[in-house]
Amino acid sequence: MNFISGIATYFKGGGPFMYVNLVVAIIVLAIAIDRFWVISRASRLNVKKFGDDLEARLSRGDTAGALALCRGIATPEAFVAQEIISAPTPDPSVAESAAGLVLPPLTKRLGYLSLLSNVCTLLGLLGTIGGLTTAFSAVGAADPAHRSAFLAAGIAEALHTTSFGLLIAVPTLVIHSYLTSRVEGVMDQVDELSVRLLLSLIHI
């Protein structure tokens with residue numbers, strides 16, 4: 001209970017901008033969970049083994065088996081592979097078009113994480129300015145016996161808002177960087193698999 005009451009005291013001492021930052025934090029959490037789920041599903045495929053299986057079937061002339069293997073896996077790599085194999089002739093433009101369909105959804109809403117990280121930082125700074133303004137205004141108008149209390153409350157509000165904003169902004173940036181790197185990994189796998197299949201189809 002002491003821990004919870006300490007958090008409640010900390011939160012109340014930060015002023016109104018704490019509530020705005022809390023709303024932003026909830027939005028960040030929702031976006032992060034959604035993107036984790038989507039990107040994790042897209043990157044779960046063992047692309048090396050998948051490519052080896054496709055090349056083995058294509059080398060035997062089993063195009064239908066290769067297509068069936070692609071249709072049984074719901075990942076960007078499998079979709080691109082299916083489009084390449086289905087094309088009448090090996091064509092890099094087919095791979096590019098297929099990748100253009102399946103890769104953009106992975107980056108959907110990722111940009112909001114970077115934006116919201118900046119918003120939290122700026123809200124923290126705005127709360128700092130508001131807290132200091134309140135503190136100095138109260139000090140100027142308050143009775144001398146209560147000036148130190150008003151000053152302490154205003155400074156506490158300023159520092160709490162800033163720290164809370166940074167506590168949200170820093171993890172948000174880390175999450176954004178991590179998810180972006182995962183998406184780039186999927187893109188690299190799509191490119192690698194596309195090149196392997198195109199070369200295999202050319203040499204059949």
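These legends accompany several close-up views of a predicted protein model.

**View 1. Confidence along the predicted chain.** The mean pLDDT of the protein is 85, and 91% of its residues reach 70 or more. Confidence is highest in helix α5 (residues 76–86), at a mean of 92, and lowest in helix α1 (residues 2–12), at 71. Where pLDDT is low, the predicted coordinates should not be read in detail.

**View 2. A nonpolar patch on the surface.** Here you can find L132, F136, I155 and L159, which together have about 370 Å² of accessible area. Helices α7 (110–141) and α8 (147–202) are the elements that give two or more residues to this nonpolar patch. L132 belongs to helix α7. Its relative accessibility is 31%, so L132 counts as partly exposed.

**View 3. A patch of negative charge.** Look on the surface for E96, E184, D188, D191 and E192, which gather in this patch. Helix α8 gives the most to the negative patch, with four residues. E192 is found in helix α8, and because its relative accessible area is 46%, E192 is partly exposed.

**View 4. A salt bridge between D34 and R109.** The whole structure holds six salt bridges. In one of them, the side chains of D34 and R109 meet at 2.8 Å, N to O. This pair links distant parts of the chain: D34 sits in helix α2 (residues 17–42), while R109 is in the loop between α6 (92–102) and α7, 75 residues apart. Both partners are partly exposed, D34 with a relative accessible area of 25% and R109 at 31% relative accessibility.

**View 5. D52 and its salt-bridge partners.** Start with K48, whose side chain meets that of D52 in a salt bridge of 3.4 Å, N to O. D52 and K48 both lie in helix α3 (residues 47–59), four residues apart, or about one turn of the helix. D52 is partly exposed at 33% relative accessibility, whereas K48 is exposed, with a relative accessible area of 56%.

Which residue in helix α8 pairs with D52? The side chain of R196 meets that of D52 in a salt bridge of 2.6 Å, N to O. This pair links distant parts of the chain, with D52 in helix α3 and R196 in helix α8, 144 residues apart. R196 has a relative accessible area of 18%, so R196 is buried. Through salt bridges that share partners, K48, D52, E55 and R196 are joined into one network.

How values were computed. Residues are numbered from 1 along each chain as its sequence is written. This is a predicted model: local features need pLDDT of at least 70, side-chain atom pairs count only at pLDDT 80 or more; totals for chains, interfaces and linings use all residues. Side-chain values use heavy atoms; hydrogens and water are left out. pLDDT is the predictor's confidence in each residue, from 0 to 100. Patches are made of residues with over 30% relative accessible area and no salt bridge: like charges are joined within 9 Å, nonpolar side chains (Val, Leu, Ile, Met, Phe, Trp, Tyr) within 5 Å. Accessible areas come from the Shrake-Rupley method with a 1.4 Å probe; for residues, only the protein chains shown count as cover. A salt bridge is a side-chain nitrogen of Lys or Arg within 4 Å of a carboxyl oxygen of Asp or Glu. Buried means under 20% relative accessible area, exposed over 50%, partly exposed in between (1.4 Å probe, protein chains only). Lys and Arg count as positive and Asp and Glu as negative; His and the chain ends are not counted. The place of a charge is taken as NZ of Lys, CZ of Arg, CG of Asp or CD of Glu.
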